[in-house]
Amino acid sequence: MDLNELKELGLFLHFSGEGVDHSFLTEQEAELISNRHASYQQNFIRGRICAKRALESMGFRMDDLELLRLPDGQVSWPEGVVGSISHTDGFAGAIVGWKSDFQSVGLDIEKKNRVHPSIWDRVFTENEKEILLQYSKELHAEKATEIFSLKEAFYKFQWPLTNRFLGMRDVEWDIPQFFFSESISLPSYRCFLTVDGHHQIAIVAG
Ligand SMILES: CC(C)(COP(=O)(O)OP(=O)(O)OC[C@H]1O[C@@H](n2cnc3c(N)ncnc32)[C@H](O)[C@@H]1OP(=O)(O)O)[C@@H](O)C(=O)NCCC(=O)NCCS
């Protein structure tokens with residue numbers, strides 16, 4: 001996927017691996033992480049920076065933005081906006097768009113090649129494992145991480161619309177869409193995969 005393709009669709013993205021400064025947060029945002037470990041705080045701040053920069057490119061003023069947390073873990077996005085944040089150690093990203101254009105978006109970032117066969121049974125269905133086994137062994141970790149990341153992005157996409165918990169094995173990826181055992185009504189959506197340096201990025205938007 002070319003990130004420009006997403007921009008043309010009306011999505012705004014920002015990714016960052018930069019160092020962070022606590023003074024970036026509002027008082028209430030800082031309160032959300034006051035008891036957390038330093039590395040979590042860094043990741044959280046990097047995620048908020050990405051989200052605010054992405055919102056800035058939609059026309060919001062950085063100083064007016066405060067992104068708190070709803071009781072279910074979602075971000076309190078400004079009125080009329082859908083969005084998603086993801087962070088791994090040292091790298092974060094955010095994607096946002098207008099609610100008039102998208103019902104929901106989901107973003108996930110993983111370290112590349114991190115999903116090893118030792119956890120396949122926990123996170124993949126039988127069909128997904130069969131798909132993965134069709135690739136040569138050298139590609140297993142890469143392809144497994146892609147599918148894992150797509151499923152995480154899909155979870156974040158579907159949650160605001162359904163409020164349903166779906167475990168890793170409740171959902172099955174089979175190009176170009178997901179299948180699930182429960183009956184869930186979702187708008188049509190598209191899935192995107194890309195890499196940035198050492199990171200695998202997955203996006204679901206619709
Ligand atoms: C909530 C969950 C998706 C977070 O993903 P993660 O890989 O652990 O962490 P990420 O850094 O990618 O994402 C964290 C961000 O997700 C967002 N988030 C949290 N809960 C969310 C929810 N219910 N819906 C949408 N976004 C959510 C938050 O913005 C959070 O960052 P913040 O706390 O700094 O604001 C994951 O922990 C989870 O519970 N998954 C459920 C099972 C699943 O993935 N099933 C897949 C098959 S559908």
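Modeller: The C-alpha centres of domain 1 and domain 2 lie 23 Å apart. The domain assignment of the protein chain places domain 1 at 1-100 and domain 2 at 103-187, with bounds that come from an automatic or database domain assignment. This is a predicted model, in which local features need pLDDT of at least 70 and side-chain atom pairs count only at pLDDT 80 or more, whereas totals for chains, interfaces and linings use all residues. Residues are numbered from 1 along each chain as its sequence is written.

The contact between the domains takes 14 residues from domain 1 and ten residues from domain 2; two residues are in contact if their C-beta atoms, placed from the backbone, lie within 7 Å. On the side of domain 1 that touches domain 2, the elements giving two or more residues are S2 and strand S3 (91-98). Helices (H or I, at least four residues) and strands (E, at least two) are DSSP runs, numbered from the N terminus. S2 gives the most to this side, with seven residues. By class, this side of domain 1 has six nonpolar, eight polar and no charged residues. Ala, Val, Leu, Ile, Met, Phe, Trp, Tyr, Cys and Pro count as nonpolar, Asp, Glu, Lys and Arg as charged, and the others, Gly among them, as polar.

S2 and S3 are also joined to each other, antiparallel, by eight bridges; strands pair if DSSP finds at least two bridges between them. Valine 82 stands opposite glycine 97 in S3. The two strands form a hairpin with two residues between them, and glycine 90 in the turn has a positive phi of about 85°. S3 also pairs with S1, in the antiparallel sense, over six bridges, and valine 96 in S3 is the bridge partner of phenylalanine 12. Seven of the eight residues of S3 are buried, where buried is 20 or more other C-beta atoms within 10 Å of a residue's own, exposed is 12 or fewer, and partly exposed is in between, with C-beta atoms placed from the backbone.

The buried residues of H3 pack against strand S1 (11-16), helix H2 (27-32), S2 and S3. Among these buried residues are Phe44, Ile45, Ile49, Cys50 and Leu55, but also Arg46, Arg48 and Lys52. The end C-alpha atoms of H3 are 31 Å apart, which agrees with the 30 Å that its 21 residues should span at 1.5 Å a residue; the expected span is 1.5 Å times one less than the number of residues. Just after H3, glycine 59 takes a positive phi of about 115°.

The ligand is surrounded by 22 residues, the closest being Gly73, Ser86, Tyr155, Trp159 and Leu166; a residue is near a molecule if its C-beta atom, placed from the backbone, lies within 6 Å of it. Helix H3 (38-58), strand S2 (81-88) and helix H6 (140-162) are the elements that give two or more residues to this shell. H6 gives the most, with six residues. The shell draws at least three residues from each of domain 1 and domain 2. Its residues divide into nine nonpolar, seven polar and six charged.
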